Amino acid sequence: MKRLSRRAVPVVGLLLSFVVCPSADAAGEDMLADKIVRSAGISRGLCVHLECGDGKLACGLGRRRGLLVHGLVNDADLAAQARALIEDAQMHGRVSVDVGKWPRLPYADDLANLVVAQHFGANVSKKLVSEVVRILAPRGVALLGGWNDKAELERATATLRAIGVDDVK
């Protein structure tokens, strides 16, 4: 697993080889949420879930008592589905979802303790990565996944280095 940190905030981590385990049930999402929390070493604070889809993983993350989860999705139907799931799971208050397209992520600088993006992959851009780094709190971690091949992962690493993320472990 690659862990990257940015010069300005020495302990920011970006884990690029995020493994997504496909699952259709809450138990599977809970296992994935546990894996995310263990991999990131973050169990408290604000978790931003980019392109959270139907909200299953967001709910799984929200079941971790120390995390407040805010999901973003750009599809209104998926947002409605996620909100219904959140309501059914009685996770409202700990998990929420907003819909829209944001050229700038709707958070203050240095706010998020954990950023999860399962479907980052080929969509990686300097602007989006810069936004993820901007919102990460000191010691915050981003788990970015969705790489189709090693070349995509290498391009993502180069993009991160281009914006000042320089410590690859």
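**Exercise 1. Helix α5**

Work out what span helix α5 (residues 150-162) should have, and how far apart its end C-alpha atoms are.

*Solution.* Start with the rule: the expected span of a helix is 1.5 Å times one less than its number of residues. Helices here are DSSP runs of H or I with at least four residues, strands are runs of E with at least two, and both are numbered from the N terminus. For the 13 residues of α5 the rule gives 18 Å, and the end C-alpha atoms are 18 Å apart, which agrees.

Before going on, note that this is a predicted model, in which local features need pLDDT of at least 70 and side-chain atom pairs count only at pLDDT 80 or more, while totals for chains, interfaces and linings use all residues. Residues are numbered from 1 along each chain as its sequence is written, and side-chain values use heavy atoms, with hydrogens and water left out.

**Exercise 2. The two sides of α5**

Find which residues of α5 are buried and which exposed residues lie on the face turned away from them.

*Solution.* First, the cut-offs: buried means under 20% relative accessible area, exposed over 50%, and partly exposed in between, with a 1.4 Å probe and protein chains only. Next, the buried residues of α5 are Glu152, Leu153, Ala156, Thr157, Thr159 and Leu160. Seen down the helix axis, these buried residues fall within an arc of 160° (taken from the directions from the axis to the C-beta atoms), so they line one face of α5. The face turned away from that buried side carries the exposed residues Lys150 and Ala162. After the helix comes Gly164, whose phi is positive, near 105°.

**Exercise 3. Positive phi without glycine**

Locate Glu51 and Gln90 and give their phi values.

*Solution.* Begin with the background: most residues other than glycine have a negative phi. Glu51 is not a glycine, yet its phi is positive, about 50°. You will find Glu51 in the loop between β3 (45-50) and α2 (56-62), and at 35% relative accessibility it counts as partly exposed. Gln90 also has a positive phi, about 55°, although it is not a glycine. Its loop runs between α3 (76-88) and β5 (95-99), and at 65% relative accessibility Gln90 counts as exposed.

**Exercise 4. Strand β3**

How many residues of β3 are buried, and in which sense does β3 pair with strand β4 (residues 67-73)?

*Solution.* Count the covered residues: 5 of the 6 in β3 are buried. Then look at the partner: β3 and β4 pair in the parallel sense over 6 bridges, where pairing requires that DSSP finds at least two bridges between the strands. As a landmark, Leu46 stands opposite Leu68 in β4.

**Exercise 5. Two cysteines**

Explain why Cys52 and Cys59 are too far apart for a bond.

*Solution.* A disulfide is a covalent bond between the sulfur atoms of two cysteines; here it is assigned to a pair of cysteine sulfur atoms within 2.5 Å. The sulfur of Cys52 is 9.2 Å from the closest cysteine sulfur, that of Cys59, which is too far. The structure holds 0 disulfides. Cys52 is buried, with a relative accessible area of 4%, and Cys59 counts as buried at 2%.

**Exercise 6. The chain as a whole**

How many helices and strands does the chain have, and what percentage of its residues count as buried?

*Solution.* The chain has 5 helices and 8 strands. Along the sequence they follow the pattern β-β-α-β-α-β-α-β-β-α-β-α-β. Of the 169 residues, 47% count as buried.
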